[in-house]
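I looked up one pair at a time.

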Amino acid sequence: MTRTATIARTTKETDLRVVLDLDGQGNATADTGIPFFDHMLQQLGKHAGFDLEVTCKGDLQIDGHHTVEDCGIAFGEALDRALGDKTGIRRFASIVVPLDEAAVEVALDLAGRSFVVYEIDVPAETINGFDTGLLEDFVRAFAQAAEATVHLRLRSGRSPHHVCEATFKALANALGEACALTGRGGVPSTKGAL
């Protein structure tokens, strides 16, 4: 069973491609035209243990919103497609990830229900092209497309860079754990389907 997906998405605002292998080695590349966002996507693949390739040409002359949101949608669609019927996955995961003074908690469920609790009060700043307000837009777009329930809470943090990076690393670690194959058969639900 291969757990891979390729998503190509073209709109008037973005032209992007996401290639995902859930059973990869954490090799991640990103080219979105937003250097800090590229770094965060690389963290996402690396710390989830996914092979991830993201390329996007967006309308950055307007701002980064369409690029970040559409990458979230495409990554979520790729994850959902790569998981298939979700047979044998762990399904649930949670973690707290520290980065210096910042600590972010993520808990998630890959149950097929989209819901987000977002309690990350990141200071407004632009970090190498990335508006920190777009962090929430990425998470919400991803969760909707992946049909995932995601709870995110900032336990502590001052630096916008550290808060954003701890958030991506926490999301990555939780996704890697939730997507892990347990060795048990069947779908992890009493309903018999997710």
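Entry 1. At roughly what angle do the axes of helix 3 and helix 4 cross, and within what distance do they come? I worked from a predicted model. I found that the axes of helix 3 (residues 134-146) and helix 4 cross at roughly 15° and come within 11 Å. Helix 3 is thus roughly parallel to helix 4, since angles under 35 degrees count as roughly parallel. I noted a right-handed crossing as helix 3 passes helix 4.

Entry 2. I then looked up the residues that meet. Helix 3 contributes L135, F138 and F142, and helix 4 contributes C164, T167, F168, L171 and L175. By class, 7 residues of this contact are nonpolar, 1 is polar and none is charged.

Entry 3. I turned to helix 1 (residues 35-48) and helix 4 (residues 160-179), whose axes lie 7 Å apart at an angle of about 30°. The two helices are therefore roughly parallel to each other. I recorded a right-handed crossing here as well. On the side of helix 1, the contact includes F36, F37, M40 and L44; on the side of helix 4, F168, L171 and L175 are among the residues involved. The contact of helix 1 with helix 4 has 10 nonpolar, 6 polar and 2 charged residues.

Entry 4. Finally, I examined helix 4 by itself. At 1.5 Å a residue, its 20 residues should span 28 Å, and this agrees with the 28 Å between its end C-alpha atoms. I also found that 17 of the 20 residues of helix 4 are buried, so helix 4 is largely enclosed by the rest of the structure.

Conventions:
Residues numbered from 1 in each chain as written. Predicted model: local features only at pLDDT ≥ 70, side-chain atom pairs only at ≥ 80, totals over all residues. Heavy atoms only, no water. Axes fitted to C-alpha atoms, helices over the stretch in contact; angles between N-to-C directions. Helix = DSSP H or I, 4+ residues; strand = E, 2+ residues; numbered from the N terminus. Parallel < 35°, antiparallel > 145°, perpendicular 65-115°, else oblique. Left-handed = near helix turned anticlockwise from the far one by under 90°. Contact = heavy atoms within 4.5 Å. Nonpolar A, V, L, I, M, F, W, Y, C, P; charged D, E, K, R; others polar. Expected span 1.5 Å × (residues − 1). Buried < 20%, exposed > 50% of the residue type's maximum accessible area, 1.4 Å probe, protein only.
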